[in-house]
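Take a look at the model below. This report covers its sheet first, then its charged pairs.

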Amino acid sequence: MSKEAHKSKIGGQALIEGIMMKGVFKSAMACRLPDGTIDIETWDENNGKNAPWYKKVPFIRGSFNFVSSLISGYKCLMKSAEKQLTDDDEEEEMSKFEQWLTDKLGDNIMGIISALAMVIGIVLSLFLFKFIPAFLTKPIENQTILRTAIEGILKIAIFVVYLALTGKSKDVKRTYEYHGAEHKTIACFEAHEELTVENIKKHSRFHPRCGTSFIFITLFTSIFVFCFIPSFSSYGKTTRIFMRLAIQLLLLPFIIGIAYELIRLAGRKNNLFTRIISAPGLKIQHLTTREPDDAQIEVAIAAIKPCIPENLEDDNW
């Protein structure tokens, strides 16, 4: 096998005491259960040459793949949380409110709670990344380019502060350690080294195809794209706000498409341009990754192995 670095398509996501890996033909999630064993689930994927057209066309595939990753990632996250429940947890006496919810909702309770959590997350995201920047730049609302630039910088600043604050939580730190294990394991695989704990520990926990880098590139790209939105100065204040918001939402798939192509380019090429666009995201990964322990690396190995195709040519960009 050639020792030239292999640019893999395999990507992953940290879960609650686990990792999900997505490959060309297979995906897998591995979780460390409360009893210390590793639970592994696998399922089929269609991300190769026979994938649907909307997963292959440049600038269109970004939005579809992004939404697909969000859905599968959220499902795996919820499932990983359920795997941490023990018999003692399930037998614990419920409060009157919990008992009422169980009686009324039955088996649907987890789905309803998950949906509610998603709605709260969306509302929080809109508040942090839309309404706060819009409110703070209100005094310069007639200066479209300047306002857009400052709004974008504020969004990036809020994003970084949010990551730094959430990283103080003990549980989030554990997730960031699994995130580091995921990156280091993929890097070891791309270097053609045997997937052992000792080999993986030598590799960097920072990776150019990280979702953190993707979000940064999306936010940065939006600054330039939104500069072309007109100010609608001839309309009323409320109308201007809603027209601007509507156009931004319509442009979001286009922005995601651009960011997706850039992150793909950074994953398969190593030149001056890709190093420049990757640099900010790699710096932010200091907040979203931590050095994993041996047990976490073992989970990452268990997650990636089912995703490696028999023919490595199928895993090339």
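In this predicted model, four strands build an open, antiparallel sheet in the order S1-S2-S3-S4. Strand S1 (11-15) and strand S4 (38-44) are the edges. Each has a single partner strand, so one side of each is left without a neighbour in the sheet. On average, neighbouring strands are turned by 15° against each other, direction ignored.

Strands S2 (residues 18-22) and S3 (residues 26-32) run antiparallel and are joined by five bridges. Met21 faces Ala28 of S3 across this pairing. Helix H1 (residues 61-83) lies across S1, S2, S3 and S4. Its angle to S1 is about 35°.

Now the charged pairs. Side chains of opposite charge can pair when their charged atoms come close. The structure holds 18 salt bridges, including these:

| Glu151 | Arg147 | 3.3 Å |

Glu151 and Arg147 both belong to helix H5 (residues 144-166). They are four residues apart, which means a separation of about one helical turn. Both are buried.

Asp293 lies in the loop between helix H10 (272-288) and helix H11 (294-304), and Arg174 in helix H6 (residues 170-190), so the pair ties together parts 119 residues apart in sequence. Asp293 is partly exposed at 34% relative accessibility. Arg174 is also partly exposed, at 28%. A network of salt bridges links Glu17, Arg174, Glu177 and Asp293.

Lys202 is exposed, at 61%.

Note on methods:
Residues are numbered from 1 along each chain as its sequence is written. This is a predicted model: local features need pLDDT of at least 70, side-chain atom pairs count only at pLDDT 80 or more; totals for chains, interfaces and linings use all residues. Side-chain values use heavy atoms; hydrogens and water are left out. Two strands pair if DSSP finds at least two bridges between them. Helices (H or I, at least four residues) and strands (E, at least two) are DSSP runs, numbered from the N terminus. Axes are lines fitted to C-alpha atoms, for helices over the stretch in contact, and angles run from 0 to 180 degrees between N-to-C directions. Contact means heavy atoms within 4.5 Å. A salt bridge is a side-chain nitrogen of Lys or Arg within 4 Å of a carboxyl oxygen of Asp or Glu. Buried means under 20% relative accessible area, exposed over 50%, partly exposed in between (1.4 Å probe, protein chains only).
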